Amino acid sequence: MKSDETGVLNKSDLYFSSPSPTAKRLYYYLISAGHFYCTANYHLIRKNYDSLLVTHIIDGSFTFVVKGRHITARQGDTVLLDCFHPHEYYTNDSFESIWVHFNGSSSREYYQYFAANSAPAFLPADFDTLRQKLTGLLDLNENSDFQTEINSARLIVDILSIL
């Protein structure tokens, strides 16, 4: 699917998922994912989007707002954002990223633990594996005949373990 958001280039890919009631009750589950190429016109502000966002910056810079502080992530950085609350992110130049919005029964607790013990943007020790897992989630969506909620949940757990 293509995004119609301002600042998202047409070569970007966007996927949405509709989890089953079982997935919502038992697993981490994918809500949306994408591989975005964005220009300086990209700016998103939401009151909420019941999920956590993991975005890995491949190129450029990505600025997000946490408690009124503007924090910029750059090439190679990965960001974990709480989108259950008001949130904002944008670029002043451009960026390319692979990202996933996910939820699950312990998502909020996981984020609270993470926020208390780490910075909001970081360079994972296992950069290549993180990128492989994020790309794996996109591949599951591209080839929906192979997509299973169990495989998505496993990849999300792998991503959280790397972070």
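What follows is a short briefing, grouped by topic. Keep in mind that this is a predicted model. Searching the whole structure turns up two salt bridges and eight aromatic pairs. We'll start with the charged residues, then move on to a strand hairpin and the rings.

**Salt bridges**

- Let's take aspartate 158 and lysine 133 to begin with: they form a salt bridge, with the closest N and O atoms 3.1 Å apart.
- How exposed are the two partners? Aspartate 158 has a relative accessible area of 21%, so it is partly exposed, while lysine 133, at 18% relative accessibility, counts as buried.
- The cut-off explains those labels: buried means under 20% relative accessible area.
- Aspartate 158 also has a salt bridge with arginine 154, where the N to O distance is 3.8 Å.
- Aspartate 158 and arginine 154 are four residues apart in helix H4, so about one helical turn separates them.
- Arginine 154 is partly exposed, and its relative accessible area is 41%.
- Because the salt bridges share partners, Lys133, Arg154 and Asp158 end up joined in one network.

- Now for a pair of strands: E4 (residues 52–66) and E5 (residues 69–74) run antiparallel, and six bridges join them.
- Across the pairing, phenylalanine 62 sits opposite alanine 73 in E5.
- The hairpin has two residues between its strands, and lysine 67 is found in that loop between E4 and E5.
- For background, most residues other than glycine have a negative phi.
- Lysine 67 is exposed, with a relative accessible area of 85%.

**A look at threonine 63**

- Threonine 63 is part of strand E4.
- Is threonine 63 buried or exposed? Its relative accessible area is 3%, so threonine 63 is buried.
- Which residues does threonine 63 touch, leaving aside neighbours within four places in sequence? They are His70, Ile71, Thr72, Glu88, Tyr89 and Tyr90.
- With one of these, threonine 72, threonine 63 makes a side-chain to side-chain polar contact at 2.8 Å.
- For a sense of distance, the C-alpha atoms of threonine 63 and proline 124 are separated by 18 Å, and the two residues are 61 residues apart along the chain.

**Aromatic pairs**

- Two numbers describe a pair of aromatic rings: the distance of the centres and the angle of the planes.
- Among the eight aromatic pairs is the one between phenylalanine 36 and tryptophan 99, with ring centres 5.2 Å apart and planes at 75°, so this pair is edge-to-face.
- Phenylalanine 36 is in strand E2 (residues 28–39) and tryptophan 99 in strand E8 (residues 94–104), 63 residues apart, so the pair links distant parts of the chain.
- Phenylalanine 62 and phenylalanine 95 form another edge-to-face pair, at 5.3 Å centre to centre with 80° between the planes.
- Since phenylalanine 62 lies in strand E4 and phenylalanine 95 in strand E8, this pair ties together parts that are 33 residues apart in sequence.
- Phenylalanine 62 and phenylalanine 95 are both buried.
- Ring pairs also build a cluster, made up of Phe36, Tyr42, Phe62, Phe64, Tyr89, Phe95 and Trp99.

**Charges over rings**

- Where does lysine 11 lie? It lies over the face of tyrosine 37, at 4.4 Å from the ring centre.
- Arginine 46 lies over the face of tyrosine 49, at 4.2 Å from the ring centre.

Technical notes: Residues numbered from 1 in each chain as written. Predicted model: local features only at pLDDT ≥ 70, side-chain atom pairs only at ≥ 80, totals over all residues. Heavy atoms only, no water. Salt bridge = Lys/Arg side-chain N within 4 Å of Asp/Glu carboxyl O. Buried < 20%, exposed > 50% of the residue type's maximum accessible area, 1.4 Å probe, protein only. Pairing = 2+ DSSP bridges. Contact = heavy atoms within 4.5 Å. Polar contact = N/O pair within 3.5 Å; in protein donor to acceptor, adjacent residues only side chain to side chain. Phe/Tyr/Trp six-rings, centres within 6.5 Å; stacked < 30°, edge-to-face > 60°. Lys NZ or Arg CZ within 6 Å of the ring centre and 35° of its normal.
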